[in-house]
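The following account leads through the structure shown below, strand by strand and then domain by domain. Please keep the sequence and the model in view while reading.

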Amino acid sequence: MADLLEDSSLLQIGSEGSFRERHFVVIGRIQLQYRSGLWNEWHIVFDDGRGAWLAEAAGELIVSAQVQVSDPLPAFEALAPAMEVALDGRRFTVTDLQTARCIAGQGELPFRVAAGYDVNTADLRSSDRFLTIDYSEAPPLVFVGQSVTFAELQLGKLKDHRLAPTGGTSPLAVRAFNCPHCAAPLTIHSPAIESIACGSCGSIIGVGNDNVQLLVRAAQALRVVPWLPLGSVGTLAGVEWQAIGFMRRSTYSEGTEYPWSEYLLFNAQAGFAWLIEYQGHWSFARTLASPPAVSPGRAGFRHGGRDYRLFSRGSAEVRYVVGEFYWRVAVGDRCHVDDYICPPLMLSRELTAGEVSWSQAEYLEPGELSAAFGVATPAIPRVGVYANQPNPLVDRHRRVCGVFWKLALTAILVQLAFAYLFASQVVLKQALVFAELDEEASVRSQDFVLGSRARTLLVRHSTDLDNNWLSLSSTLVEKNTGEAYTGVQEISYYSGSTGSERWYEGSPSDEMVFNGVPAGSYYLLVEYQLGSDRRVAVVDTLEIIRNPAAWSNLLLLLIFLAIFPLWSRWRRNAFEARRWNESDLGGEDE
Amino acid sequence: MIKFNWLAGVLALLLFVNAQYQGWSLFASAAGTQAARVAGSSGRSFHK
């Protein structure tokens with residue numbers, strides 16, 4: 001068996017912890033080496049004697065135990081990142097395919113490591129499970145578990161007791177060394193760090209054990225000064241993060257380069273996170289331990305109660321790196337990226353030949369970021385609307401709609417009160433006959449009484465006029481005082497047909513209003529002249545209505561009130577249009 | 001905008017209430033408001 005390569009892991013044989021409230025002890029480990037570095041699989045045993053594995057890779061901790069599955073397992077060669085696999089009724093997505101070599105073992109292990117062995121492993125994830133298929137044996141071994149945080153495991157008896165968490169502080173083990181190319185001082189903040197890009201000479205140094213290795217010698221042509229200096233410490237989402245790495249990446253569309261910046265943040269207990277900056281827009285991102293199962297090319301999906309829509313897709317390339325990274329970073333690394341948005345969130349899938357990973361980014365206001373990290377440098381000016389930038393007009397539109405409905409409801413209640421409660425009543429309804437005479441004639445209505453002043457008195461004529469006209473001059477007369485009010489109406493109604501089409505002109509009905517009519521006893525005298533187009537008497541239903549509620553006023557008010565939500569809706573949609581103008585993949589449905 | 005929306009909306013509502021009370025309507029044809037006295041109208045028909 002080869003010697004273990006020393007790493008900066010805080011775990012050791014004898015370390016203790018708790019998983020799902022079950023105490024465990026670390027009794028052994030194997031060390032595996034793959035293209036991007038090392039990872040440890042710690043053999044743990046619970047108090048009930050059951051064994052399990054605690055994987056420690058790329059800043060993530062996963063507890064898993066071997067299980068038996070009844071479904072046939074797919075061949076390693078048949079798997080591909082992002083492929084969906086169904087096992088025993090559960091659907092998993094392939095997230096990582098590695099060919100690694102178990103190089104060393106230590107302590108109590110359920111098998112012999114001997115001189116080491118090669119192993120193909122496939123990592124799969126579902127919404128709440130992590131699954132590893134170990135192809136080192138036939139049939140392959142299956143391990144099921146879940147991702148946990150350092151804090152959740154409540155680890156004790158760690159390698160260096162002076163660095164163990166006490167009083168809530170982070171177990172920060174910082175290693176310092178000099179760049180093997182330019183001798184600039186460099187530091188490593190986490191045992192998960194696999195590579196460092198020197199800010200002085202641009203060399204990329206591999207870190208897998210105590211001996212650092214120069215991977216790329218001062219070969220970075222592009223030099224970028226990070227807006228947020230590496231080493232800056234700030235609190236986001238209640239966690240104190242330190243910026244330890246910076247990466248400039250680009251995507252290309254129709255010959256145009258679209259670059260953005262990514263800052264790797266580290267907290268000893270919370271692990272790694274990212275700050276992403278594009279044209280002054282910032283997002284705080286974390287890798288998803290339970291990614292959604294989304295087949296490549298899907299336009300949208302639902303995850304965590306939210307609907308995400310595909311916003312952009314393309315190939316991203318690493319253009320410049322400086323600082324620490326938890327994988328062997330290299331300028332020129334490419335991956336396929338799909339961005340799905342549901343502002344203020346964005347889920348991004350990064351797909352390479354052997355791995356797929358999902359991250360969730362949440363939009364950050366630039367001022368919030370500056371305050372969190374105490375950055376005095378002026379903020380990078382924001383340009384345009386970013387993919388997951390919250391639309392501030394959505395909330396405003398909702399409030400404007402709320403105002404509209406409150407006022408409209410009040411107006412409708414007022415209208416109903418005027419119509420049904422405040423003495424809107426018919427004071428006279430009578431049939432009148434307008435005879436077919438060649439000259440003017442008059443008709444007198446029955447008497448009616450107004451007990452109090454009428455704000456308005458509506459006179460309505462509903463006739464059976466047909467292809468003729470009728471001229472009315474109505475006089476409202478108070479019987480006792482002789483006070484009179486006059487009004488003139490012209491009613492005409494013609495209809496016919498041209499070919500197969502019917503046509504109508506005018507109306508057989510008409511209304512007229514008398515305003516401010518005092519209390520009294522009244523009658524209506526109607527002088528009329530009937531047209532000679534059709535010599536037929538006209539029957540009229542005369543209605544006199546006291547204080548009618550004018551529905552047209554309500555309609556006008558509602559139209560006026562509706563201007564505000566229509567305006568705010570237009571502005572909200574204009575914001576969304578600006579957002580989707582930046583996407584090649586479609587726009588707002590509304 | 002919300003404050004202006006509230007202010008304009010409430011003012012419009014007050015105008016609406018007043019218009020309903022006064023019997024104003026943009027679309028109704030109003031009869032002449034001039035009052036005239038009709039001689040000898042008491043209990044009798046009016047003739048031009």
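In strand E35 of chain A, Val538(A) is the bridge partner of Phe434(A). Strands (E, at least two residues) and helices (H or I, at least four residues) are DSSP runs, numbered from the N terminus. E35(A), residues 538–546, is joined to E26(A) by 9 bridges, and the two run antiparallel; strands count as paired if DSSP finds at least two bridges between them. Both belong to an open sheet of 4 strands with antiparallel pairing, in the order E26-E35-E29-E33 (chain A). Its edge strands, each pairing on one side only, are E26 (425–434) and E33 of chain A. On average, neighbouring strands of this sheet are turned by 15° against each other, direction ignored; the axes are lines fitted to C-alpha atoms, for helices over the stretch in contact, and angles run from 0 to 180 degrees between N-to-C directions.

The model is predicted: local features need pLDDT of at least 70, side-chain atom pairs count only at pLDDT 80 or more, and totals for chains, interfaces and linings use all residues. Residues are numbered from 1 along each chain as its sequence is written, while chains are lettered from A and ligands numbered from 1 in the order in which they are written.

Chain A is divided into domain 1 (16–163), domain 2 (175–389), domain 3 (391–424 + 549–590) and domain 4 (430–548), with bounds from an automatic or database domain assignment. The centres of domain 1 and domain 2 of chain A, taken over C-alpha atoms, are separated by 26 Å. Their contact takes 22 residues from domain 1 of chain A and 23 residues from domain 2 of chain A, two residues being in contact if their C-beta atoms, placed from the backbone, lie within 7 Å. On the side of domain 1 of chain A that touches domain 2 of chain A, the largest share, 6 residues, comes from E7(A).

Strand E20 (residues 281–287) of chain A is mostly covered, with 5 of its 7 residues buried. A residue is buried if 20 or more other C-beta atoms lie within 10 Å of its own, exposed if 12 or fewer, and partly exposed in between, the C-beta atoms being placed from the backbone. E20(A) pairs with strand E19 (residues 271–278) of chain A in the antiparallel sense over 5 bridges, and Trp282(A) in E20(A) is the bridge partner of Glu277(A). The hairpin of E19(A) and E20(A) has 2 residues between the strands, and Gln279(A) takes a positive phi near 50° there. E20(A) is also joined by 6 bridges to strand E25 (residues 356–364) of chain A, and these two run antiparallel; Gln360(A) in E25(A) is the bridge partner of Arg286(A).

Helix H2 (residues 392–421) of chain A has 30 residues and should span 44 Å at 1.5 Å a residue, which agrees with the 43 Å between its end C-alpha atoms; the expected span is 1.5 Å times one less than the number of residues. Its buried residues include His397(A), Phe404(A) and Phe418(A). The buried residues of H2(A) pack against helix H3 (551–581) of chain A together with helix H1 (2–22) of chain B.

The contact between the chains takes 39 residues from chain A and 34 residues from chain B. H2(A) gives the most to the side of chain A that touches chain B, with 9 residues. By class, this side has 20 nonpolar, 11 polar and 8 charged residues, where Ala, Val, Leu, Ile, Met, Phe, Trp, Tyr, Cys and Pro count as nonpolar, Asp, Glu, Lys and Arg as charged, and the others, Gly among them, as polar.
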